[in-house]
Amino acid sequence: MATFLYRLGQLAFRRRWFVALLWVAVLSAAGFGAATAPAAPDSSNSMPGIESQKAFDLMEQRFPGAKADGASARVVFVAPDGQKVTASENRAAIEKFVSEAADGSQVASAVSPFRAKAVSKDASTAYATVTYKVNADDLTDISKDHLKDAIKQAQGSDLTVEVGGTALATQPAAGGSAEAIGIAIAALVLLITFGSLAAAGLPLLTAIIGVGVSMASITALASALGLSSTTGTLATMLGLACGIDYAVFIVSRYREERAKGHTPQEAVGLAVGTAGSAVVFAGLTVVIALAGLSVVGVPMLTKMGLAAAGAVAIGVAIALTLVPAVLGFWPNAVLSRSSRKRGRIKEAGENNGGTRWARFVLRRPLPVLLASVVGLGVLAIPVMDLQLGMTGDEAKPTSTTERRAYDDLAEGFGPGFNGPLTIVVDAEGAEDAKAAVQTIEQKIDATEGVVSVSAARFNSSGDTAVFSAVPAEAPTSEKTKDLVHTIRDARPATEASTGAEFEVTGTTALNIDVAQKMQDALIPYLVVVVGLAILLLMVVFRSVLVPIKAAFGFLLSVLAALGSVVAVFQWGWGADLLGVETTGPIMSMMPIFLVGIVFGLAMDYEVFLVARMREAYVHGDRPGQAIVSGFRYSARVVVAAALIMMAVFSGFIGAGESMIKMIGFGLAIAVLFDAFVVRMALVPAVLALLGKAAWWMPRWLDKLLPKVDVEGEGLSHQSSTVPARDDAAELESARV
């Protein structure tokens with residue numbers, strides 16, 4: 001491995017024009033494909049294997065022309081204090097709105113609250129429902145503007161008018177200016193770390209090129225492979241993160257080899273042969289974690305994971321080829337300004353911050369280990385109270401009309417009104433379909449926790465009916481979740497007596513089912529990802545205990561991060577500081593995202609840091625000294641890489657959407673715990689306590705596993721003893 005990459009690095013250095021033009025051609029071809037490709041299909045929220053999805057599918061099958069996921073707008077009218085919506089002037093304004101809204105070309109129906117009995121008991125609040133023939137993504141601007149104009153006319157009366165639903169819902173956005181600040185901080189960290197604008201800009205430039213190739217390829221293949229317009233979100237984030245990290249690792253090792261006296265071409269070969277090996281295996285662990293998302297069984301997650309895995313693979317390829325090619329164009333530009341000015345390249349000091357910290361841990365390994373484990377364990381305690389779900393309009397800022405509409409409906413009709421359950425009855429097997437549906441209605445209406453049941457609506461064949469049941473509690477309440485389970489548990493007896501089958505769906509039930517599906521998939525996902533990664537790390541480090549220690553540390557950091565998310569977004573600790581207005585359940589996909597993304601980044605740091613320790617140990621250092629050597633060369637780079645990731649992820653905290661805040665906070669805090677507590681404290685403490693046992697592997701297993709030279713031992717004959725050289729002369733010759 002090391003020898004092959006050594007030759008690849010030198011080849012890219014010598015044939016730099018060819019490599020650079022090749023990547024330009026790849027980027028141009030991908031860009032042309034993206035520009036000429038058909039539009040990406042609408043994002044699909046299909047969740048195979050859950051009851052809610054089965055019910056949606058049945059509705060679309062039995063009610064031709066009606067889409068179960070069609071866009072809708074729930075327009076809420078609140079009368080001024082002391083007045084009622086049933087007053088003549090208010091009623092006229094509402095009826096006029098309904099008439100105007102129903103005139104849209106894509107509108108399926110617009111129902112007046114006075115005909116649909118959608119008026120609160122005190123007549124202070126009413127709502128009108130506008131449904132569309134297409135989903136929200138397919139609504140034209142003309143249809144949206146038509147609805148907005150009708151709402152604007154209604155707002156001209158004394159009524160307070162707010163709108164919820166999917167038709168005009170604001171789409172979640174990234175952190176905006178906060179995210180730009182995060183990227184600026186990342187650039188500043190690189191500049192401080194390397195002391196050179198070129199060294200700081202090179203990782204950013206190559207990472208952006210990699211993301212450009214990835215995103216253009218995804219766009220070009222979207223139609224052919226059925227990728228949605230949202231598939232590239234994860235690919236962009238991880239492509240940028242890993243692309244920067246991998247380039248930083250190569251550039252850092254190149255500078256180190258130059259400091260040892262190697263020529264630029266030789267330094268590039270050694271950098272790609274050693275740090276490049278770590279990049280390859282770090283990238284493989286990330287790909288494993290992302291491809292493992294297919295275990296969850298959700299098509300959207302599978303496509304996102306595979307697209308992101310492709311972006312990471314492109315990042316690895318660019319780090320191994322384009323980075324050494326660019327170094328060939330400007331071999332001295334990435335050196336620090338002081339090195340270029342003095343004409344002498346300074347080698348990493350024997351007593352830098354990394355070595356001082358490593359010696360501190362070596363003197364006190366047990367206290368450091370206990371402090372790390374206990375600290376992360378305490379932070380993980382809130383996980384025991386984890387409640388998964390999907391928040392809705394109640395989690396949006398009060399500045400949005402969706403949130404105000406939600407609050408008005410909850411106040412006028414009760415908290416459960418914002419999350420009605422949809423009951424789909426398949427009465428094909430019943431002798432009397434209408435009687436069977438009526439019996440099911442009565443049974444559900446009599447269930448404790450149900451406030452009201454709407455009249456059933458039959459399809460044209462009369463064999464399928466749909467009606468709604470309003471819970472007493474809010475959609476995200478645990479009591480509502482229990483109510484759904486209660487209705488489903490009582491179903492066999494009801495179906496046996498009526499001969500009709502029914503299923504519970506709707507947004508509330510769908511969120512409950514998705515949360516359960518994600519929870520059930522988490523353990524299998526962990527087993528697959530961590531198991532494969534342990535095998536891969538065994539191949540890399542020729543050790544049994546080091547991979548197990550890596551997996552244990554990763555689990556600690558993820559649990560601590562998830563516990564912190566629960567404490568802030570579910571319990572409300574420090575929520576005001578992050579601008580979180582409403583607490584509630586944790587997003588169903590959050591644990592899966594944390595495990596997949598953080599695992600990949602954590603293994604980046606693990607491979608790069610421990611590979612240097614392994615390299616020093618193989619080359620003759622004692623176990624303790626090998627730890628110090630690893631920190632001497634790697635600590636600064638790992639810290640910089642972690643700070644960059646934290647800066648990028650923290651930018652998402654500035655978003656207005658609670659969901660995006662949660663993702664940004666969770667990823668940033670997970671990188672903090674994993675890089676600074678696990679990799680910088682727990683890892684050296686465990687290795688210090690294990691000593692030589694850390695690098696033990698049974699002979700039979702050593703023979704069974706393939707041999708890969710990550711330490712660069714095979715490069716000793718490639719690079720002979722470095723001759724004495726004059727730094728100023730070498731810098732001058734390289735410049736020429």
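Predicted model: local features only at pLDDT ≥ 70, side-chain atom pairs only at ≥ 80, totals over all residues.
1. Start with A123. This residue sits in the loop between β2 (107–111) and β3 (125–132).

2. Is A123 buried or exposed? The relative accessibility of A123 is 9%. Buried means under 20%, so A123 counts as buried.

3. Next, R542. Its place is the loop between α18 (507–541) and α19 (545–570). R542 also has a positive phi, of about 50 degrees, although it is not a glycine. The relative accessible area of R542 is 8%, so this residue is buried.

4. Now the helix pair. Helix α9 spans residues 264–291, and helix α20 spans residues 590–618. Their axes lie 8 Å apart. The packing angle is about 155 degrees. Angles over 145 degrees count as roughly antiparallel, so α9 is roughly antiparallel to α20. The crossing of the two helices is right-handed.

5. Which residues of α9 and α20 meet? From α9 come T274, A275, A278, A282, G283, T285, V286 and A289. From α20 come G596, F599, G600, M603, D604, V607, F608, A611 and E615. By type, the residues of this contact divide into 10 nonpolar, five polar and two charged.

Notes: Residues numbered from 1 in each chain as written. Heavy atoms only, no water. Helix = DSSP H or I, 4+ residues; strand = E, 2+ residues; numbered from the N terminus. Buried < 20%, exposed > 50% of the residue type's maximum accessible area, 1.4 Å probe, protein only. Axes fitted to C-alpha atoms, helices over the stretch in contact; angles between N-to-C directions. Parallel < 35°, antiparallel > 145°, perpendicular 65-115°, else oblique. Left-handed = near helix turned anticlockwise from the far one by under 90°. Contact = heavy atoms within 4.5 Å. Nonpolar A, V, L, I, M, F, W, Y, C, P; charged D, E, K, R; others polar.
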